[in-house]
Amino acid sequence: MTNPKTMRAWLYNNTISSVQSNLTFHPSTRTPPLPSHPSQLLIKILSTSLNPADCKVPEQSTILGKTLICALPASPGLDFAGEVVALHPRYVKDEFKPGTLVYGCLARPREFGTTGEYILVDENDCAPLPEGVGVDDAACVGVAMRTAWQSVKYYLQPPSNTPNESPGKQSGKQKKVFINGGSGGCGVFAIQFAKLLGAHVTTTCSTRNINLVKSLGADEVIDYTTTDVTSTLKEKGLIFDHVIDHIGLPSNLYAECHHFLKPGCTWVQVGSGSIMTAVWRLFTPRWLGGGRRWFWPLMLENSKGDLVEVGEMLRDGRVRVVVDSVHEFEDVKKAYGILGSGRARGKIVVRVAERSA
């Protein structure tokens, strides 16, 4: 397998207005350098999936249009499934070799992101592709699937079973979870993980996505297009053991959560339209209208252990990937437009390149 000299890539030179508005396609641009450390791998990207962090992180670390998170020009993108192209000469482990199919996630936005054909990654940021898992599905694991897993695994434990009782159905033992935004990139996984841990799941979505979230295991669905979400939850009383919010709306939801989230339980903020939503909720005191329950803005822990674990769940069929749409590499800008609309059902996948001969 020869080392690449040039590659196709989508690049942005500044973040004025947005990363997406500044993206341009380059049919022949420079590739990342060869590995300079034994822990580094040069990867050819086969598929990537898009995440809000691809653009939001560079945009939110910007001064005068120049992002401080990475050198410019840069390619956006974190998630990937691909194949190993080159290793450092002093790499001596058996886990990877040229041609090994891998999946993973960059720890942060970088100059060489996953909307370029090649990236340079640390061995701890990827894992061998589980047998039977397709590259499109594996490309959806890194950010959304692990974030969803981390939003539930520390807060829910599967109920202990007694004879003749099925998981999650025992009287008085089943925990109740509210997931705000169940049809998005993280929400579709959060529902499945909460069900795996035996929880009763209530979630929100629009009318067109009700059947989807029910097929993933949601027990109760609140249609936010026809129902006042805050009032509906308050009417239920103090029944929830955990809340995961992917939207940040309605704006008064966290301030009113002491009416439906039990004392001592945690509100996990995974996403929102603006970073200021999380900042306001985190720092606003109760006497100024702040919430009365533990608030935790979740930052993804780039754990290889979690990467391997959720990959095995995918391999074993315990969870499944929901794909909104699949795009060719030339349509990256269109794909980011769908992501920015906030209406995607599950993950948006881009096929970057074909596997080497």
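User: How many salt bridges does a search of the whole structure find?

Analyst: The search finds 16 salt bridges in the whole structure, and please keep in mind that this is a predicted model. One of them pairs Lys304 with Glu95, whose closest N and O atoms are 3.0 Å apart. Lys304 sits in helix α8 and Glu95 in the loop between β6 and β7, so this pair ties together parts that are 209 residues apart in sequence.

User: Is Lys304 buried or exposed? And what about Glu95?

Analyst: Lys304 is buried, because its relative accessible area is 18% and buried means under 20%. Glu95 has 32% relative accessibility and therefore counts as partly exposed.

User: Which residue does Asp245 bridge to?

Analyst: Asp245 forms a salt bridge with Arg281, with the closest N and O atoms 2.8 Å apart. Since Asp245 belongs to strand β13 and Arg281 to helix α7, the pair ties together parts that are 36 residues apart in sequence. Both Asp245 and Arg281 are buried.

User: Which residues have a positive phi although they are not glycine?

Analyst: Ser17 is one of them, with a phi of about 75°, and Leu64 has a positive phi of about 55°. Ser17 lies in the loop between β1 and β2, while Leu64 lies in the loop between β4 and β5.

User: Are those two buried or exposed?

Analyst: Ser17 counts as exposed at 70% relative accessibility, and Leu64 is exposed as well, with a relative accessible area of 81%.

User: Last topic, the surface. Which residues make the nonpolar patch?

Analyst: The patch, of about 490 Å², is made by Ile275, Met276, Val279, Leu282 and Phe283. Ile275 lies in helix α7, which covers residues 275-283, and with 46% relative accessibility Ile275 counts as partly exposed. Helix α7 also holds Arg281, the partner of Asp245 in strand β13.

Notes
Residues numbered from 1 in each chain as written. Predicted model: local features only at pLDDT ≥ 70, side-chain atom pairs only at ≥ 80, totals over all residues. Heavy atoms only, no water. Patch = residues over 30% accessible without salt bridge, like charges linked within 9 Å, V, L, I, M, F, W, Y side chains within 5 Å. Areas by Shrake-Rupley, 256 points an atom, 1.4 Å probe, with all protein chains shown as cover. Salt bridge = Lys/Arg side-chain N within 4 Å of Asp/Glu carboxyl O. Helix = DSSP H or I, 4+ residues; strand = E, 2+ residues; numbered from the N terminus. Buried < 20%, exposed > 50% of the residue type's maximum accessible area, 1.4 Å probe, protein only.
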